[in-house]
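Student: I have a protein open on my screen and would like to go through it piece by piece. Can we start with the pockets?

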Amino acid sequence: MRNNFVLSTQKHSVQNFVFFMLCCFFYGLISVSAQNQPLKTYTKKNGLPSLHINNSSQDKTGYIWLASNNGLIRFNGNEFTTFTTKNGLISNNINTISSKGNTIFIGTDKGLSIKNHHGFTNFEGNNVNCILTVKNHTFLGTNKGIVRVREDYLSPLRTNFQIDLNQINDMLFDGKFYWIATNKSLWKLDKLINPEVLKRIDVNNYTSLLINGKTIVATTYNKGLKFIRNNEVETQTITAQNVTEIKKINNQFWVISEDNGIEVLDANFNFVKNINKYNTLTTNKITSAFQDNENNTWVSTKDKGVYFIKSNKPVQKKPTISFEKIEVVFTPLDSININNYSKTLKLPADKNHISFYYKTINISNSNNLEYRYTLNNQTSPWSTKSAIDLAYLSPGNYTFSAQSRIGKIESTPIEFNFFIDTPIYKKSWFIWSSIGIACIILTLIVWSYIRKIKAKNKAKVAKLELENHLISLEQKALQLQMNPHFIFNVLNGIKALGNSGKLVELNTTISKFATLLRGVLHNSRQEEISLAEEITTLKNYIELEQQISSNTFEYSITTNLSIDAEEILIPPMLIQPFVENSIKHGISSVEKGKITISFSIKNDLLHCEIVDNGIGVHQSKELKKVSSHKSVALKVTQERIRNLSKNSAFSINEIHDEGKVIGTKVVFKIPLKTDF
């Protein structure tokens, strides 16, 4: 019995050992199979803002985009760039991302953000789980049905309440029908907007959809895989539980589990291996897997960042280069799509500093990229520099092109055409216009100068003519004032006084006559005399006229001046002709004749009034008792007054009382002039 027990124990130990060796063999086989490709982990040490990565995608340029719970992440092969709400995102908690060209659709817990070359455009809404773009229309699967992205808002679609009120986990378009995976069932629709075909295929918690030929492959959360052919559903059991996604990578199907890692199936959906924390990864909390355009695989996790599995059969293809940014005088050119601008950009003359930033994204060869640029057929050497500043460019047309290469494989060049305008001061029309304007201005200056000289000379001539005319008038006035008839009458009066023995009156008359002659001769040599001198001369003249006149008359001279008469200047021999006219022609036929002379100042003008109680102007003319030279004296004096200034004025009018002429009033005004 004991021997049998020992033999049995030994046999059981051998079986355990064989089983252990087989397990080690298969484990090693699985590990080698899983690890036959280089594996790299990107975490916060590499620049990730979070270890929780939900989804990944790649744009046309080649950037890898990662959706995290702490922002949107872009990877160029060397470094990570993070975009958050500070940059314009609607929310930092991103569930899924999708790319179309270089436009990135970002599904968050607060709606949708769209990133393009202009920046971010946001649409507030429910939690977005998946994104589908078909025929230029973008649809969102949310926690409450399907939403269509309109130009400036999100429009919920109405299909049926079982879709509209449930959580949409995934959407797929096979070219004819739309497939909608909800947390309750799988649906088939011919259209998302006003569908005519609306059929429920199966009831289950569907999480992900994939097209494999003519078969729709769907994952359920815990009920295995579903194959839909001709509306018939076939189920395949898998070991993975809590399945969230299925992806086709390297002609294999990767089934993603929330907490069981990745189950890999071959093209016929047979088990190949598991990728989990027991063989390859350091976590089982996988959220998504993605294969880029170089056949590299990206595995997103909830707690370990993202895994990069480099392809052992990398795609050898021409690199693709695109413009990242173009700056004009350090201002980004955001108004146009710089990678799809076929026109020539027109720039003013002062915008002649342009910076170009260009990039080729090649994840596998990010350190082996070289660039060169060409500006109007002048090409730079190859270098690792992917930007160039072109400062102080001359006016003209420019074609800028950039090219990249990996080893000896060169990209197709990209081009951007721009034109810098000529400064206005260098344009031919401006130059000729300036010359023309300068010639016109010069001509006007010369013409104006000549005109001024002519006007000045003309003014001088006019002034000289006026001065000569005034001198002539003064000479005529002097000649007319001291006419022989007056002198003869005075001398006869003196003789008569001598014959009559009136020595006192004789001496007085001779003295006045001598004073008058001296004053007239003295004043005739002056351009201006004081008003006091003029009044003195006028008194002597009137008193001599009183002595030699056959009719007696009275006279009075009054002044209403704010300035002393000694300080007021007037032309000489200006008033005497009017007084003489009153004596000889106004009061000569009137008993008790009277002459009143008054001076006043108004508005910087010297006013003079000579009033007599004679027969009036018109009657004296009709009687024709005035000799010709006396009429000339009056006319000469009037002309002298008018020529003194444009403000001078003269008037002579009869005085009427109850329709009768009772005298004559002479009024004139000249500019007030003083000797201070």
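**Pockets, a helix and some loops**

Tutor: This is a predicted model. In the second largest pocket, strands β7 (103-108), β8 (111-116) and β29 (321-328) each supply at least two residues of the lining.

Student: Which of those gives the most to the lining?

Tutor: That is β29, with six residues.

Student: How many residues line that second largest pocket, and which lie nearest its centre?

Tutor: The lining has 32 residues, and N102, H117, F323, E324 and N339 lie nearest the centre. By class, 12 are nonpolar, 13 are polar and seven are charged.

Student: What volume does it have?

Tutor: The second largest pocket has about 900 Å³. For the largest pocket the figure is about 1200 Å³.

Student: OK, the largest one then. What lines it?

Tutor: There are 43 lining residues, with N55, T96, N129, D170 and E245 nearest the centre. The elements that give two or more residues to this lining are β2 (53-58), β6 (94-100), β10 (128-134), β14 (168-173), β18 (206-212), β22 (243-249) and β26 (286-291).

Student: And how does the lining of the largest pocket split by class?

Tutor: It has 15 nonpolar, 22 polar and six charged residues.

Student: Let me pick a helix. How far apart are the ends of α6?

Tutor: Helix α6 covers residues 531-548, and its end C-alpha atoms are 26 Å apart.

Student: Which residues of α6 are buried?

Tutor: They are L531, A532, E534, I535, T537, L538, N540, Y541, I542, L544 and E545.

Student: Why would the spacing along a helix matter when I read a list like that?

Tutor: An α-helix has 3.6 residues a turn, so residues three or four places apart point the same way. In α6, L531, E534, L538 and I542 are among the buried ones.

Student: Switching to strands. Where does Q403 lie?

Tutor: Q403 is in strand β36, which covers residues 396-406.

Student: Is Q403 buried or exposed?

Tutor: Q403 is buried, because its relative accessible area is 12% and buried means under 20%.

Student: What does its side chain join up with?

Tutor: The side chains of Q403 and E410 make a polar contact of 3.3 Å. Setting aside neighbours within four places in sequence, Q403 is in contact with I321, E370, Y371, R372, W382, E410, S411 and P413.

Student: Last topic, loops. What is the phi of N136?

Tutor: N136 has a positive phi of about 65°, although it is not a glycine. It lies in the loop between β10 and β11 (137-142).

Student: Is N136 buried or exposed?

Tutor: N136 counts as exposed, because its relative accessibility is 70% and the cut-off for exposed is over 50%.

Student: And what about N250?

Tutor: N250 also is not a glycine and has a positive phi, of about 55°. Its loop runs between β22 and β23 (252-257). With a relative accessible area of 37%, N250 is partly exposed.

Key
Residues numbered from 1 in each chain as written. Predicted model: local features only at pLDDT ≥ 70, side-chain atom pairs only at ≥ 80, totals over all residues. Heavy atoms only, no water. 1 Å grid on protein atoms, 1.4 Å probe; cavity = no way out; pocket = protein on both sides within 12 Å on 5 of 7 lines; lining within 4 Å. Points joined across faces, edges and corners; volume = space filled by probe spheres on them. Helix = DSSP H or I, 4+ residues; strand = E, 2+ residues; numbered from the N terminus. Nonpolar A, V, L, I, M, F, W, Y, C, P; charged D, E, K, R; others polar. Expected span 1.5 Å × (residues − 1). Buried < 20%, exposed > 50% of the residue type's maximum accessible area, 1.4 Å probe, protein only. Polar contact = N/O pair within 3.5 Å; in protein donor to acceptor, adjacent residues only side chain to side chain. Contact = heavy atoms within 4.5 Å.
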